[in-house]
Amino acid sequence: MNPITVKDNIYWVGAIDWDVRDFHGYSTNRGTTYNAFLIIDEKVTLVDTVKRSLTSDLISRIKEIIDPEKIDYIVVNHVEMDHSGCLPEMVNLIKPEKIFCSKMGHQALLQHFHHQDWPYEVVKSGDEICLGKRSLSFLETRMLHWPDSMFTYVKEDKLLFSSDAFGQHLATSERFDDQVDQAVLLEELTKYYANILTLYSPNVKKLLEKVAEMKLEIDMICPDHGVIWRADPTKAIKSYSKWCNNIGDGNALIIYDTMWHSTEMMAKAISTGLQDEGISHKLMNLRYIHRSDVMQEVLNASALILGSPTLNNGLLPRMADFLMYMRGLRPTNKIGAAFGSYGWSGESVRLLNEAMTEMKLDIIDEGFRVKYVPEASDLSRCVDMGHAIGKALKEKK
Ligand code: FEO
């Protein structure tokens with residue numbers, strides 16, 4: 001196994017998880033990687049580790065370069081188990097002189113592994129340590145993705161270890177952005193932000209402002225998932241700048257589930273109205289499309305039109321699941337509307353409206369419900385809803 005060089009004397013020593021298909025409710029159809037990096041200097045440093053089940057991959061990659069016992073420092077940019085699960089084994093093997101982590105990282109490490117005896121060295125934003133020829137400086141990035149998260153920057157190499165930020169759940173034999181299909185890369189970058197970071201967009205915004213203010217020169221971004229940004233790190237930064245400002249593309253999503261096709265008929269009629277207005281849109285039937293794939297589309301959408309029939313005084317289960325997931329991620333700055341069929345009690349449209357109100361969506365139609373099966377006049381009302389949403393989107397541009 002040849003070592004994978006990232007920069008002179010900096011190596012990728014992570015692990016590729018070809019099998020993982022679920023990441024706390026997010027479908028990872030292309031697997032992922034857990035990236036870890038080894039810096040060979042007077043103080044040999046391991047930046048991040050991997051998921052526990054892939055510990056042997058990390059150890060064998062390190063052994064191709066150096067005896068693990070020669071590692072002096074471990075940097076823990078993030079405590080979530082996909083990056084720290086193997087720490088007890090690694091600490092035991094390496095017996096590091098120091099483990100660098102943020103203040104919140106220190107607490108989280110104690111609460112995960114219960115080792116008071118590890119040689120923690122708590123760092124804060126702006127702290128810098130010397131490894132010999134290189135230095136590492138730290139930037140706390142609270143809530144990207146957890147309270148403990150931080151970045152580590154190597155100014156001599158203009159290299160940023162960005163932890164979860166700028167990552168993609170993408171298992172590949174390639175390690176760099178210029179080696180993979182660009183459409184796939186953008187798709188996975190988008191899906192990752194949508195499903196992991198949407199909620200923390202205000203933090204992303206502040207962080208990008210801070211990085212600009214610090215005038216950090218960045219030649220390369222090494223996230224902890226997916227490929228390394230070496231050809232064009234600005235691509236990832238520009239995408240994050242757009243997403244953290246909640247700028248939609250002017251398009252609409254009709255997200256629905258249906259019991260006996262009535263709600264589906266309404267969805268298609270709304271689609272006709274949008275089509276008439278020249279609005280790009282997608283129909284997303286939750287029976288066939290995973291919640292995290294829908295969220296990926298929500299990130300860039302400007303209108304969300306939600307449809308569900310009423311079942312047992314509530315929503316169909318897949319819509320309830322999706323709403324719970326989306327409410328947690330809190331997308332903002334979008335137009336909303338609701339529709340659905342019912343048999344007798346008919347609560348679904350009210351429930352959808354309440355959820356959208358709670359999410360602070362701009363509801364531009366009171367919503368429309370149809371008893372059992374829509375007739376021509378009902379479908380015409382749905383087409384009108386599509387027209388109204390289309391017009392509102394054009395005005396918003
Ligand atoms: Fe990749 Fe928040 O862990």
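Helices (H or I, at least four residues) and strands (E, at least two) are DSSP runs, numbered from the N terminus. The legends below use these labels for a predicted model.

**Figure 1. Asn246 in the loop between H7 and strand E17.** Asn246 belongs to the loop that runs between H7 and strand E17 (252–256). Although this residue is not a glycine, its phi is positive, at about 55 degrees. Asn246 counts as partly exposed because its relative accessibility is 22%.

Figure 2. Asn333 is a residue other than glycine with a positive phi, near 60 degrees. With a relative accessible area of 42%, Asn333 is partly exposed.

**Figure 3. The contact between domain 1 and domain 2.** The protein is divided into two domains, domain 1 (4–244) and domain 2 (252–392). Their C-alpha centres are separated by 38 Å. Domain 1 contributes 15 residues to the contact, and domain 2 contributes 13 residues. About 1,200 Å² is buried between the domains, and carbon and sulfur atoms give 54% of this area. Of the area that domain 1 buries against domain 2, Asn195, Thr198 and Leu199 supply 37%, more than any other three residues.

**Figure 4. Elements of domain 1 that face domain 2.** Eight residue pairs are in polar contact between domain 1 and domain 2. On the side of domain 1 that touches domain 2, two or more residues each come from strand E5 (26–27), helix H5 (182–197) and helix H7 (233–244). H5 provides the largest share of this side, with seven residues. The residues on this side of domain 1 comprise six nonpolar, six polar and three charged.

**Figure 5. The salt bridge between Lys191 and Asp293.** One salt bridge is counted between domain 1 and domain 2. In this view the side chains of Lys191 and Asp293 meet in a salt bridge, with N and O 2.7 Å apart. Lys191 lies in helix H5 and Asp293 in helix H9 (residues 291–300), so that distant parts of the chain, 102 residues apart, are linked. Lys191 counts as buried because its relative accessibility is 2%, under 20%. Asp293, in contrast, is partly exposed, with a relative accessible area of 21%.

**Figure 6. The salt bridge between Glu188 and Arg30.** The whole structure holds 22 salt bridges. In one of them, Glu188 pairs with Arg30, and their closest N and O atoms are 2.5 Å apart. Glu188 sits in helix H5, whereas Arg30 sits in the loop between E5 and strand E6 (32–34), 158 residues away in the chain. Glu188 is buried at 6% relative accessibility, and Arg30 is partly exposed at 29%.

**Figure 7. The salt bridge between Arg230 and Asp178.** The side chains of Arg230 and Asp178 form a salt bridge (2.7 Å, N to O). Arg230 is in the loop between strand E16 (220–223) and H7, and Asp178 is in the loop between strand E15 (159–163) and H5, so the pair ties together parts that are 52 residues apart in sequence. Arg230 is partly exposed, at 34% relative accessibility. Asp178 is also partly exposed, with a relative accessible area of 40%.

**Figure 8. Trp12 and its surroundings.** Trp12 is placed in strand E2 (residues 10–12). This residue counts as buried because its relative accessibility is 2%. Among the residues that Trp12 touches are Ile4, Phe37, Arg61 and Ile228. The side chain of Trp12 also makes a polar contact, at 2.9 Å, with the side chain of Asn35.

How values were computed. Residues are numbered from 1 along each chain as its sequence is written. This is a predicted model: local features need pLDDT of at least 70, side-chain atom pairs count only at pLDDT 80 or more; totals for chains, interfaces and linings use all residues. Side-chain values use heavy atoms; hydrogens and water are left out. Domain bounds come from an automatic or database domain assignment. Contact means heavy atoms within 4.5 Å. Buried area is the accessible area (1.4 Å probe) that two parts lose on being put together, summed over both. A salt bridge is a side-chain nitrogen of Lys or Arg within 4 Å of a carboxyl oxygen of Asp or Glu. A polar contact is a pair of N or O atoms within 3.5 Å; within protein, one must be able to donate a hydrogen and the other to accept it, and residues adjacent in sequence count only if both atoms are side-chain atoms. Ala, Val, Leu, Ile, Met, Phe, Trp, Tyr, Cys and Pro count as nonpolar, Asp, Glu, Lys and Arg as charged, and the others, Gly among them, as polar. Buried means under 20% relative accessible area, exposed over 50%, partly exposed in between (1.4 Å probe, protein chains only). Lists of a residue's contacts leave out its neighbours within four places in sequence.
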